[in-house]
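Here are a few notes to read alongside the model. Have the structure open as you go through the points.

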Amino acid sequence: MNGKMIFLYILCNIIAFIIYGIDKWKAVHHKWRIPEATLLLIAVFGVFGAFIGMHVFHHKTKKPKFYIGVPVIFVLELLYMILL
């Protein structure tokens, strides 16, 4: 991967982390929430940020869709990066 791709990948993960934090804040304050499908899609593009955000913010850690789905995306991306 070249420098621009690495920068974009890091940026996507930072954005994912922030979005998971925003959704947790909205949950605590009973505000309009980000749909779960959107959070999972964000995890596809920024799985490290989503995974870290889940644990730092203690968000979506009890929902199977997330505590199974995000690590599966994580492993698939790691395998892809190894094969790349």
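1. His-59 is buried, at a relative accessible area of 4% (buried is under 20%, exposed over 50%, with a 1.4 Å probe and protein chains only). You'll find His-59 in the loop between α3 and α4; helices here are DSSP runs of H or I with at least four residues, numbered from the N terminus.

2. A word on the source: this is a predicted model, where local features need pLDDT of at least 70, side-chain atom pairs count only at pLDDT 80 or more, and totals for chains, interfaces and linings use all residues. Residues are numbered from 1 along each chain as its sequence is written, and side-chain values use heavy atoms, leaving out hydrogens and water.

3. What surrounds His-59? Setting aside neighbours within four places in sequence, its contacts (heavy atoms within 4.5 Å) are Tyr-20, Asp-23, Lys-24, Ala-27, Arg-33, Leu-39 and Met-54.

4. Now for α3, where Val-47, Gly-49, Ala-50, Gly-53 and Met-54 are buried. These span an arc of only 160° around the axis, which puts them on the same side of α3 (the arc is taken from directions running from the helix axis to the C-beta atoms). They pack against α1, α2, α4 and α5. After α3 comes His-58, with a positive phi near 50°.

5. Turning to α5, its buried residues are Val-70, Ile-73 and Glu-77. Looking down the axis of α5, they fall within an arc of 60°, so they line one face of the helix. The face turned away from that buried side carries exposed Leu-76, Ile-82 and Leu-83.

Key: Helices (H or I, at least four residues) and strands (E, at least two) are DSSP runs, numbered from the N terminus.
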